[in-house]
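This report goes through one structure part by part. Please look at the sequence and the model first.

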Amino acid sequence: MASRSPFESFQWKSNIFDCESTDIDSFYLQLAQETRRLGLTSKKLGEVGDYPIHLYQSPAPKAGLPSVLISAGFHGEEAAGPWGLVHFLSEAGSELFERVNLTLLPLVNPTGFRKGHRFNKFGENPNRGFVLENGKPKANSDTSVEGKMLLEHSQLLLAASRDGILTCHEDVLQQQTYVYSFEPSQVPGRFSLGLRDALTQYFPQAVDDAIDGCPVKDGIIFNHFDTSFEAFLVRSGAKLGACSETPGLQNFDQRILANSAVMTAFLNVCAPAGE
């Protein structure tokens, strides 16, 4: 498999949003419009460079509802995740918060996003270095500045992801789609299959093989634990977890729509309507 440079720049045009994928000012403007419309609360976790890292939550969390977390933008060249989240919000109504306590991390790596680079401005991978030591969150030599910021708020994130965590990634080397998933079972169940099927409405499914050394079967890399954010949260108690992977060699707007769709599928499993 071809390798990628962490500082290779990727940029695409979105006709949906009428801007370039790296237009961070437009992204923040449109995100702010949707979060205000829905009445989401905002918490600033910290700053990286000139950019604040914000977390957004349901207007009035309710006891007894599932608590789930959707995150995106860990890698700057994987822009359809953050833009897909804005699209998802644009189609959401306030009735969503009657069925779920929703937490969002829309853009974890703004310095990479602005440049279209995989890593942050310091050359760090924001999706590595999330570890547990004696059951407690801990940073290591692989932990980025963004990762340290998230670990400082680990109790908040653990509570927010109690019933599920979805992180939206992309694979810029792929024409096909796949998903990393975590379930407390020996084989993929309804959760994993539902997310995969949401993605394959937009792109062909990855063939059975290996990607980045991980075996792929039926479009799923199952229960692969590393030091990523989503694996950390599952280790820490999240009931279900997933990392979606849309193919960076396909049309950008189609990838935005696929990311929006997989978010909807995630919520439909973790917080079914009518329950």
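## Terms and source

A polar contact is a pair of N or O atoms within 3.5 Å; within protein, one must be able to donate a hydrogen and the other to accept it, and residues adjacent in sequence count only if both atoms are side-chain atoms. The model is predicted: local features need pLDDT of at least 70, side-chain atom pairs count only at pLDDT 80 or more, and totals for chains, interfaces and linings use all residues. Residues are numbered from 1 along each chain as its sequence is written, and side-chain values use heavy atoms, leaving out hydrogens and water.

## Asn127

A polar atom of the Asn127 side chain lies 3.1 Å from the backbone nitrogen of Phe229. Asn127 sits in the loop between α3 (110-115) and β7 (131-133); helices (H or I, at least four residues) and strands (E, at least two) are DSSP runs, numbered from the N terminus.

Asn127 counts as buried because its relative accessibility is 4%. Buried means under 20% relative accessible area, exposed over 50%, and partly exposed in between (1.4 Å probe, protein chains only). Contact means heavy atoms within 4.5 Å. Leaving aside neighbours within four places in sequence, the contacts of Asn127 include Phe74, His169 and Glu230.

## The sheet

Two strands pair if DSSP finds at least two bridges between them. Eight strands form an open sheet of mixed pairing, in the order β3-β4-β6-β5-β9-β14-β10-β13. β3 (41-48) and β13 (220-222) stand at the edges with a single partner strand each, so one side of each has no neighbour in the sheet.

β14 pairs with β9 in the parallel sense over seven bridges, and Cys243 in β14 is the bridge partner of Thr167. Five bridges join β10 (residues 178-182) to β14 (residues 241-247), and these two run antiparallel. Here Ser181 stands opposite Ala242 and Val179 opposite Ser244. Both faces of β14 are covered: Gly241, Cys243, Glu245 and Pro247 are buried on one side, and Ala242, Ser244 and Thr246 on the other.

## Nonpolar cores

A nonpolar core is a set of buried Ala, Val, Leu, Ile, Met, Phe, Trp, Tyr and Cys residues joined through side-chain atoms within 4.5 Å. The largest has 52 residues, and Trp83, Leu102, Leu166 and Phe266 have the most contacts inside it. α8 gives the most to this core, with 10 residues.

Not counting residues up to four places away in sequence, Phe266 touches several residues, among them Val68, Leu166 and Phe191. A second, separate core of 21 residues includes Leu55, Leu151, Leu157 and Phe232.
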